[in-house]
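Here is a short briefing on one protein model. Look over the sequence and the structure first, then read the points by topic.

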Amino acid sequence: MIEQLNNRLILLNKLKFIRKYKTDNNREEFNNDDFDEKKYDISLTTKGKASLEIISNDNVLIIELLLSNIFVKEQKVLSDEIIEPFLSSFVADEKILDLDPKINELKNKEDNEEIKYLISRLNDIYQKITEIENSCKLEQESNYNRYFSFKYYYYIYLWMKGSSISDICSNYKIEEGKLYYIIMRTFYFVEQILNCYLLIENEIKNDIEIVIMIKTFKNIKANLSERITDVESLYLKNDID
């Protein structure tokens, strides 16, 4: 248990979620793998503080994704209709290690390219973190913590494009309550991400990429809220009020 905790601290230090200072030294940072509490003090970096806003076993991966500028492709912010379905892959209860999902081809060519771009970026960052975890002897932890599923992304995409929930559930044989649940979990996840970006912006002023993401996620939250309150459903109306 102690060894695993120390390995976890090494990982967080390498990913810059924490910083380590020698106890009797004037806050000079140290990057070795020794975490003896008698020798060193540990504090959270801005990235570490931001990770506390994310309620998920995947928060390390999620923060790495958010700070990689993943939602920008060729200097253009991706559309809400793509970002929201992608985020739903982190909130489904059916946790499947889904790094190469057999995603539905989208009729809109640009949308299709954007979702594939996001999945490719997710793969790259996942592999990067896994390599560091393996070097820190955390192979089992990585297998346990990072599971996600694109099972519902297509249905959330259709809903964001204007399809009714009743039509989606009828056409694809999905339980209505389950789809509502995924939508609401995605809404709360968007709130957490927005809070994460706001915290970072409060500590690192005038970072243009963060400012753009704050604006983007404020719009996503507003659009989701509007779509939810338009639904004739007791499930969503009770939750959003």
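A residue counts as buried when its relative accessible area is under 20%. By that cut-off, 48% of the 241 residues of the protein are buried. The model is predicted. Its secondary structure comes to eleven helices and four strands.

**Overall picture**

- The protein exposes about 13000 Å². Carbon and sulfur atoms supply 47% of that area.
- Take the contacts with a separation of 6 or more: residues 24 or more positions apart account for 68% of them.
- Seven salt bridges are present in the structure.

**Helix 3 and its cover**

- Helix 3 spans residues 59-66. This helix is mostly covered, with eight of its eight residues buried.
- The buried residues include Asn59, Val60, Leu61 and Ile62. Ile63, Glu64, Leu65 and Leu66 are also among them.
- What covers these buried residues includes helix 1 (2-14), helix 2, helix 5 (109-135) and helix 9.

**Glu64, a charged residue under cover**

- Glu64 lies in helix 3. Its relative accessibility is 8%, so Glu64 counts as buried.
- Which residue forms a salt bridge with Glu64? The partner is Lys47, and the closest N and O atoms are 2.8 Å apart.
- Lys47 sits in helix 2 (residues 46-51) and Glu64 in helix 3, so the pair ties together parts that are 17 residues apart in sequence.
- Lys47 is buried, as is Glu64.
- A network of salt bridges links Lys47, Glu64 and Lys128.
- Leaving aside residues up to four places away in sequence, Glu64 touches Leu15, Phe17, Lys47, Ile125, Lys128 and Ile129.

**Two further salt bridges**

- Lys221 and Glu191 meet through their side chains in a salt bridge, at 3.3 Å from N to O.
- Lys221 belongs to helix 10 (residues 208-230) and Glu191 to helix 9 (residues 176-203), so this pair ties together parts that are 30 residues apart in sequence.
- Are these two residues buried or partly exposed? Lys221 counts as partly exposed, at 29% relative accessibility. Glu191 is partly exposed too, with a relative accessible area of 25%.
- Glu74 forms a salt bridge with Lys73. Their closest N and O atoms are 3.9 Å apart.
- Glu74 counts as exposed because its relative accessibility is 70%. Lys73, at 22%, counts as partly exposed.

**Helix 4 against helix 10**

- The axes of helix 4 (residues 80-88) and helix 10 come within 11 Å. They cross at roughly 80°.
- That angle makes helix 4 roughly perpendicular to helix 10.
- Which residues of helix 4 meet helix 10? They are Asp80, Ile83, Glu84 and Leu87.
- On the helix 10 side, the contact involves Thr216, Phe217, Asn219, Ile220, Asn223 and Leu224.
- By class, this contact has five nonpolar, three polar and two charged residues.
- An α-helix has 3.6 residues a turn, so residues three or four places apart point the same way.

Note on methods: Residues numbered from 1 in each chain as written. Heavy atoms only, no water. Salt bridge = Lys/Arg side-chain N within 4 Å of Asp/Glu carboxyl O. Helix = DSSP H or I, 4+ residues; strand = E, 2+ residues; numbered from the N terminus. Buried < 20%, exposed > 50% of the residue type's maximum accessible area, 1.4 Å probe, protein only. Axes fitted to C-alpha atoms, helices over the stretch in contact; angles between N-to-C directions. Parallel < 35°, antiparallel > 145°, perpendicular 65-115°, else oblique. Contact = heavy atoms within 4.5 Å. Nonpolar A, V, L, I, M, F, W, Y, C, P; charged D, E, K, R; others polar. Areas by Shrake-Rupley, 256 points an atom, 1.4 Å probe, with all protein chains shown as cover.
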